[in-house]
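Work through the exercises below with the structure open beside you. Try each task before reading its solution.

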Amino acid sequence: RGGDAVKPLIDALDSDDAGVQQKAIFTLGQIGSPAKDALPMLKDIAANSNTEVVQDSAKFAIDAIEGQ
């Protein structure tokens with residue numbers, strides 16, 4: 001948990017499986033600020049995902065990571 005988990009979770013964001021993406025996004029949000037390296041990818045997902053639930057999850061994770 002924490003910083004060591006960020007890289008594998010970022011890799012999971014590339015998954016074609018929305019369920020895998022959503023779980024990775026949720027976990028990154030739970031990690032918070034140590035997951036800041038995921039922000040560029042999360043912002044891309046929030047703007048471009050074809051799945052509304054994944055987009056919304058990414059927006060919540062971004063807020064959690066940025067401390068808002």
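This is a predicted model: local features need pLDDT of at least 70, side-chain atom pairs count only at pLDDT 80 or more; totals for chains, interfaces and linings use all residues.

**Exercise 1.** Check whether the end-to-end distance of helix H2 (residues 18-31) agrees with its number of residues.

*Solution.* Step one: H2 has 14 residues. Step two: the expected span is 1.5 Å times one less than the number of residues, so H2 should span 20 Å. Step three: the end C-alpha atoms of H2 are 20 Å apart, which agrees.

**Exercise 2.** Find the buried residues of H2 and state what they pack against.

*Solution.* Step one: a residue counts as buried under 20% relative accessible area. In H2 these are Gln21, Ala24, Ile25, Leu28, Gly29 and Ile31. Step two: seen down the axis of H2, the buried residues fall within an arc of 155°, so they line one face of the helix. Step three: this face packs against helix H1 (3-12), helix H3 (39-48) and helix H4 (52-66). On the other side of H2, Lys23 and Phe26 are exposed.

**Exercise 3.** Which residues have the most contacts inside the largest nonpolar core?

*Solution.* The core has 19 residues, and Leu13, Ile25, Leu28 and Leu42 have the most contacts inside it. Two or more residues come from each of H1, H2, H3 and H4; H4 gives the most, with five residues. Take Leu42 as a case: the residues it touches include Leu13, Ile25, Leu28 and Ala58.

Definitions and conventions
Residues are numbered from 1 along each chain as its sequence is written. Side-chain values use heavy atoms; hydrogens and water are left out. Helices (H or I, at least four residues) and strands (E, at least two) are DSSP runs, numbered from the N terminus. Buried means under 20% relative accessible area, exposed over 50%, partly exposed in between (1.4 Å probe, protein chains only). The arc is that of the directions from the helix axis to the C-beta atoms. Contact means heavy atoms within 4.5 Å. A nonpolar core is a set of buried Ala, Val, Leu, Ile, Met, Phe, Trp, Tyr and Cys residues joined through side-chain atoms within 4.5 Å. Lists of a residue's contacts leave out its neighbours within four places in sequence.
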